Amino acid sequence: MPVWRFLKQQYDFLIRAAATKLAVRAMYVFAVLESIIIPVPVDPLLVATVLARPTRWRQLAIGCAIASVIGGVGGWVIGRFFSLHIHDWLAVLPTKLAAPAAFAAVETGFAEFGIFLVFLGAFSPLPYKVIAVSAGLGGFALVPFVLTSIIGRGLRFAIIAAIARHNGNPMIVILLVTALVCLFAIAIGMTR
């Protein structure tokens, strides 16, 4: 199969690149930024680094979760302290990127389902950045936000890292990452 051979070559290249210290640091930086502004999930980078360093899967999952929660706190701070300007900033961005309707729905939901929304945003493929900024906008307390985010992000990244660690078969990994990206796309589509 020429397609599979091509995918396997790309897979092998990515695993070699993911084995470097720079790749792990880049994953942590990406996790922080993904929780604030980048619309692409960090999960494929986590999978690649775990496949390249399978004995460190727990450390990589924990580091990724901590970095992501740090980014989430950054989003919370933006929502909390720049709440008067958030809607003006969203107006400047393209509607598909800014998702003002998603922010409005999440802001409204915090009054009734605050801690559940934080956990859902941290654990599911829904955009965590929207939840983080909206938590700050909605006046959700920082300590419960951080604790719930640590649990949700920790579970999510531990599950992903464990799957990658225990399923090193390239075909399975490629299918799982593809499924993850599809779930993320569906979640984005549902927020629109």
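Me: How many helices and strands does the protein have?
Reply: The protein has 10 helices and 0 strands. Helices (H or I, at least four residues) and strands (E, at least two) are DSSP runs, numbered from the N terminus. Along the sequence, the pattern reads α-α-α-α-α-α-α-α-α-α.

Me: Where do these coordinates come from?
Reply: This is a predicted model, where local features need pLDDT of at least 70, side-chain atom pairs count only at pLDDT 80 or more, and totals for chains, interfaces and linings use all residues. Residues are numbered from 1 along each chain as its sequence is written, and side-chain values use heavy atoms, with hydrogens and water left out.

Me: What share of the protein's residues is buried?
Reply: Buried residues are 41% of the 192 residues. Buried means under 20% relative accessible area, exposed over 50%, and partly exposed in between (1.4 Å probe, protein chains only).

Me: And the surface?
Reply: The accessible surface is about 10,300 Å², and 75% of that belongs to carbon and sulfur atoms. Accessible areas come from the Shrake-Rupley method with a 1.4 Å probe; for residues, only the protein chains shown count as cover.

Me: Take contacts between residues at least 6 apart in sequence. What percentage join residues at least 24 apart?
Reply: 78% of those contacts do. Contact means heavy atoms within 4.5 Å.

Me: Now the helix packing. At what angle do H2 and H3 pack?
Reply: Helix H2 (residues 21–34) and H3 pack at about 155°, with axes 10 Å apart. Axes are lines fitted to C-alpha atoms, for helices over the stretch in contact, and angles run from 0 to 180 degrees between N-to-C directions.

Me: Why are H2 and H3 called roughly antiparallel?
Reply: Their angle is about 155°, so H2 and H3 are roughly antiparallel to each other. The cut-offs: under 35 degrees is roughly parallel, over 145 roughly antiparallel, 65 to 115 roughly perpendicular, and the rest oblique.

Me: Which residues make that contact of H2 and H3?
Reply: Ala23, Val24, Met27 and Phe30 of H2 meet Leu45, Leu46 and Thr49 of H3.

Me: Next pair. How do H3 and H4 pack?
Reply: Helix H3 (residues 43–52) and H4 pack at about 155°, with axes 9 Å apart. That makes H3 roughly antiparallel to H4.

Me: Who meets whom there?
Reply: Leu46, Thr49 and Val50 in H3 meet Trp57, Leu60, Ala61 and Cys64 in H4. That contact of H3 with H4 has 6 nonpolar residues, 1 polar and no charged.

Me: And how do H4 and H8 sit, at what angle?
Reply: H4 and helix H8 (residues 128–137) pack at about 40°, with axes 6 Å apart. H4 and H8 are therefore oblique to each other.

Me: What does each helix bring to it?
Reply: H4 brings Ser68, Val69, Gly72, Gly75, Trp76, Gly79 and Arg80, and H8 brings Tyr128, Ala132, Val133, Ala135, Gly136 and Leu137. By class, the contact of H4 with H8 has 7 nonpolar, 5 polar and 1 charged residues.

Me: Let's zoom in on Ser68. Is it buried or exposed?
Reply: Ser68 is buried, at 0% relative accessible area. Ser68 lies in helix H4 (residues 57–81). Leaving aside neighbours within four places in sequence, Ser68 is in contact with Ala31, Glu34, Ser35, Tyr128, Arg153 and Phe157.

Me: Which helix holds Gly72?
Reply: Gly72 is in helix H4. Gly72 is buried, with a relative accessible area of 0%. Beyond neighbours within four places in sequence, Gly72 is in contact with Ser35, Tyr128, Ala132 and Phe145. The C-alpha atoms of Gly72 and Ala135 are separated by 9.7 Å, and these residues are 63 residues apart along the chain.

Me: One more. Where is Phe140?
Reply: Phe140 is in the loop between H8 and helix H9 (142–166). Phe140 counts as buried, at 15% relative accessibility.

Me: What is Phe140 in contact with?
Reply: Leaving aside neighbours within four places in sequence, Phe140 is in contact with Trp76, Phe110, Gly114, Ile115, Val118, Ala135 and Phe145. Phe140 and Phe110 are 30 residues apart along the chain, with their C-alpha atoms separated by 7.5 Å.

Key: Ala, Val, Leu, Ile, Met, Phe, Trp, Tyr, Cys and Pro count as nonpolar, Asp, Glu, Lys and Arg as charged, and the others, Gly among them, as polar.
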